[in-house]
Amino acid sequence: DLMALGAPAWLVSAATEAQADEVVHAQHCFAVASTLSGEVKGPGPVSLVGVFDAPVSPKGLLTETILDACINETLAAAEAAYLSSVAQQDSLRALLRRIADDESRHAALGWQTVRWLVGQHPELKTVAEAVFDAATPRSAPLPRANPSEDWMFALGCMPSIHTGALRIQVWEDVIAP
C-alpha cells in the first residue's frame, strides 16, 4: 500500500522490517504455546480472498494505520512491557521485552506513516481526528477482577480486566497526547 501511494523508501523499508518482526514474534509465541501444551503448535492456512481486491487509497491506509499501528501496536507494546516484568521464567520475560521493544518501534512507524499521509493529503487531518475519536475508550465499568485469572501473569498473558484498565491508561498517557 505504501508503495502504491508513493511513500518514501525509508518508510517502505521500515514497514517491511516490521512485517519480518511480526513473523518472528509468531514463531516465538508458537514455540511457547508448544512448550506449554506439550504438542507442536503453528499457524494454519490464512485466506487471502479479497485482500488484494480493494483499491489502495490514502484514506483507507490512514484509517488502517491509526487503528492497527498507532493504537493497537502502542497497546501491544505496553502490554508486553508490563508482562515482561511479571512473567515467571527468565526466557519468557526476555521474549516479552523484545516484543515490547519491537511493538514500540512499530507504533512509532505508524505515527510516522500518519504524519506522512496527512502531510501528503492535508484534507485527511479531519479523518484522522474522527478515527481517533471513534476509537477512544469510553468510561465504562470494568469487569470485576477474577483471582482465578492471576495465574495468567506468570505465563505472560494479560487477564481481561487488566487489559481494559491498561488500554485506558495507555490511551490517556500515550495515545491522546
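Predicted model: local features only at pLDDT ≥ 70, side-chain atom pairs only at ≥ 80, totals over all residues.
Trainee: How many aromatic pairs does the model contain?
Mentor: Rings of Phe, Tyr and Trp (its six-membered ring) pair if their centres lie within 6.5 Å, and planes under 30 degrees apart count as stacked, over 60 as edge-to-face and the rest as tilted. Under that rule, the number of aromatic pairs is two.

Trainee: Why is the pair formed by the rings of Tyr82 and Phe153 classed as it is?
Mentor: The centres of the Tyr82 and Phe153 rings are 5.9 Å apart and their planes meet at 75°. Because of that angle between the planes of Tyr82 and Phe153, the pair is edge-to-face.

Trainee: Which helices does the pair of Tyr82 and Phe153 link?
Mentor: Helices (H or I, at least four residues) and strands (E, at least two) are DSSP runs numbered from the N terminus. The pair joins distant parts of the chain, since Tyr82 and Phe153 are 71 residues apart. Tyr82 belongs to residues 58–86 and Phe153 to residues 151–154, which are helices H2 and H5.

Trainee: Is Phe153 buried or exposed?
Mentor: The relative accessible area of Phe153 is 11%. With that value, Phe153 is buried.

Trainee: What kind of aromatic pair do Trp111 and Phe132 form?
Mentor: The rings of Trp111 and Phe132 are 5.4 Å apart, centre to centre, with 10° between the planes. Trp111 lies in helix H3 (residues 90–120) and Phe132 in helix H4 (residues 125–135), so the pair ties together parts 21 residues apart in sequence. Trp111 is partly exposed at 33% relative accessible area, whereas Phe132 is buried at 16%. By geometry, the pair of Trp111 and Phe132 is stacked.

Trainee: Where is Pro159 found, and which residues does Pro159 touch, not counting residues up to four places away in sequence?
Mentor: Pro159 is located in the loop between H5 and helix H6 (160–175), and Pro159 is buried, with a relative accessible area of 1%. The C-alpha atoms of Pro159 and Ala135 lie 21 Å apart in space, although the two residues are separated by 24 residues in sequence. Leaving out residues up to four places away in sequence, and taking contact as heavy atoms within 4.5 Å, Pro159 touches Glu149, Met152 and Phe153.

Trainee: What pattern does the protein chain follow along the sequence?
Mentor: The protein chain has six helices and zero strands, and its C-alpha trace spans about 50 × 40 × 30 Å along the principal axes. Read along the sequence, the pattern of the protein chain is α-α-α-α-α-α.

Trainee: What percentage of contacts in the protein chain between residues at least 6 apart in sequence join residues at least 24 apart?
Mentor: For the protein chain of 177 residues, buried residues make up 32%. Among its contacts between residues at least 6 apart in sequence, the share joining residues at least 24 apart is 76%.

Definitions and conventions:
Residues numbered from 1 in each chain as written. Heavy atoms only, no water. Buried < 20%, exposed > 50% of the residue type's maximum accessible area, 1.4 Å probe, protein only.
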